[in-house]
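Please look over the model shown here and read the briefing beside it.

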Amino acid sequence: MTMTTETSVSTYTPAAESLNAVLAAGEAPTRPSAWSASLTFGWRAMLKIKHVPEQMFDVTAFPIIMTLMFTYLFGGALAGSVTEYLQFLLPGIMVTSVVMITMYTGLGVNQDIEKGVFDRFRTLPVWRPSALVGALFGDVFRYVTAATVILGVGLVLGFRPAGGFVGVVLGIVLLVAFSFAFSWVWTMFGLFLRSEKSVMGVSMMVMFPLTFLSNVFVEPETMPGWLRAFVEINPITHLVAAVRGLMQGSPDAGEITWVLVASVALIAIFGSLTMRLYNRK
């Protein structure tokens, strides 16, 4: 004989008074502006530096090593004087070090994607690009830190910018602005590529030719024709020329304009591609 037991399940429905008691009184908070949300995510990037301070190694120790190594390696051979060569080299080393740091933006974005952090960010009622823009805001601090460290080392070694304080500040501002725009390239790769190692590999493959095949160490006039043709269209060459001119007290309006236009173009092109990938991720 089969016995069937029926169990009745009662459903509890809370009363309206009970719900009102646990809900916050008053109007819902307004949605944060795009600027406010971006600054909040930028502060998150700063907190990551606070909790993992060793990630500042690439903006402190690395620039110092680069400055000392190339100053004393090439100074006597190329200019006959370390101090004289430093006047030419330091703006270029500053550009090289800061621009190479931009690739870590893509690494950070890729790490957040792998950990599922960005999936949570996209569920928040905030401006969609704010998480990416905020990460770049945090990186601006790293760029300024690296540039300041290199400048400090250069002053100790004998660097004396003819452009004075104003020329140095304008040169650093122009460098940071271009680096911010250039970071969107690596942000796109951070979203597109599957692993952190892939982002690092692509970044190094692009960055080394751009930074070393330029006018950082020597003038293009001393190079063979085929190499000079590449160097003269290299965006890093234009950036170095603009920053060097500002710091040496002889600003080149054409080079500065080229850098500013290139920065706007990088943000417009790669920023759009990045957001398209981000919304589809």
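The briefing below moves from the whole chain to single residues.

This is a predicted model, in which local features need pLDDT of at least 70 and side-chain atom pairs count only at pLDDT 80 or more, while totals for chains, interfaces and linings use all residues. Residues are numbered from 1 along each chain as its sequence is written, and side-chain values use heavy atoms, with hydrogens and water left out. The protein has 12 helices and 0 strands, where helices (H or I, at least four residues) and strands (E, at least two) are DSSP runs numbered from the N terminus.

**Whole protein**
- Of the 281 residues in the protein, 43% are buried, buried meaning under 20% relative accessible area with a 1.4 Å probe and protein chains only.
- Among contacts (heavy atoms within 4.5 Å) between residues at least 6 apart in sequence, 79% join residues at least 24 apart.
- The protein exposes about 15200 Å², of which carbon and sulfur atoms supply 67%; the areas come from the Shrake-Rupley method with a 1.4 Å probe.

**Largest pocket**
- About 490 Å³ of space lies in the largest pocket, a pocket being an open set of points on a 1 Å grid over the protein atoms alone, where a 1.4 Å probe fits, with protein on both sides within 12 Å along at least five of seven lines.
- The pocket is lined by 21 residues, and K48, Q55, Y104, G108 and Q111 lie nearest its centre; lining residues have an atom within 4 Å of a point.
- Helix α5 gives the most to this lining, with 7 residues, and α2 (34-51), α5 (103-114), α7 (130-157) and α9 (196-212) each supply at least two.
- By class, the lining has 9 nonpolar, 5 polar and 7 charged residues.

**Nonpolar cores**
- The largest nonpolar core has 48 residues, of which M94 and F182 touch the most other members; such a core is a set of buried Ala, Val, Leu, Ile, Met, Phe, Trp, Tyr and Cys residues joined through side-chain atoms within 4.5 Å.
- The largest share of this core, 12 residues, comes from α4.
- Leaving aside its neighbours within four places in sequence, F182 is in contact with V99, T102, M207, L210 and L266.
- Another core, of 17 residues, lies apart from the largest one and has I113, L132, L136 and W184 among its members.

**H238**
- H238 lies in helix α11 and counts as buried because its relative accessibility is 13%.
- Leaving aside neighbours within four places in sequence, H238 is in contact with E232, I233, E255, W258 and V259.

How values were computed
Buried < 20%, exposed > 50% of the residue type's maximum accessible area, 1.4 Å probe, protein only. Points joined across faces, edges and corners; volume = space filled by probe spheres on them. Nonpolar A, V, L, I, M, F, W, Y, C, P; charged D, E, K, R; others polar.
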